[in-house]
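Visitor: I am new here and would like to learn how to read aromatic rings and strands. Could you walk me through them?

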Amino acid sequence: QVHLVESGGGLVQAGGSLRLSCAASGIIFSIDVMGWYRQAPGKQRELVAVVSRGGSTHYADSVKGRFTISRGNAQNTVYLQMTSLKPGDTAVYYCRGTLQGNDYWGKGAQVTVSS
C-alpha cells in the first residue's frame, strides 16, 4: 500500500515561482524512480521531469531551464521547483513513483498560472 501525496500547488502569475512536494508513505523500500507529470485541460498526461535513485534526471523540452526536480534525503520524497512559470504550465501535476516495475500515482495538485 504505497501512497503518494502532493502539496504546494496554487495560483501564481506568469513569471512567478512555485515549489511542489511529494512524499511517499506505506513502504520501507526506496522508490526506484520518481517523477512529475501534468495534464492540462483537454490534453493527455505528459512527462514533466523524472529523477532516478542515482540522481540522473530527465526533463521535457518545454520545461528545461525553468523546472528543477530533486529528491529528498529520504529518497522517497521528490520536489519540483518551478520558475518563470507560463500560462501554458497550467495543469494538474501528478507525482509518480516506480518500484520494482510497479507505478504509483498521487491524486494530483492544481497549478494555475495567470497572465
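Visitor: How many aromatic pairs does the structure hold?

Guide: A pair of aromatic rings is described by the distance of the centres and the angle of the planes. Rings of Phe, Tyr and Trp (its six-membered ring) pair if their centres lie within 6.5 Å; planes under 30 degrees apart are stacked, over 60 edge-to-face, and the rest tilted. This structure holds one such pair. Y37 belongs to strand β4 (residues 33-39) and W105 to strand β10 (residues 102-105), so the pair ties together parts 68 residues apart in sequence. Strands here are DSSP runs (E, at least two residues), numbered from the N terminus.

This is a predicted model: local features need pLDDT of at least 70, side-chain atom pairs count only at pLDDT 80 or more, and totals for chains, interfaces and linings use all residues. Residues are numbered from 1 along each chain as its sequence is written, and side-chain values use heavy atoms, leaving out hydrogens and water.

Visitor: Is Y37 buried or exposed?

Guide: Buried means under 20% relative accessible area, exposed over 50%, and partly exposed in between (1.4 Å probe, protein chains only). Y37 is buried at 16%, while W105 is partly exposed at 36%.

Visitor: What charged end sits over the ring of W105?

Guide: A charge sits over a ring if NZ of Lys or CZ of Arg is within 6 Å of the ring centre and within 35 degrees of the ring normal. Over W105 it is R45, 4.7 Å from the ring centre. R45 also lies over the face of Y94, at 3.7 Å.

Methods:
Helices (H or I, at least four residues) and strands (E, at least two) are DSSP runs, numbered from the N terminus.
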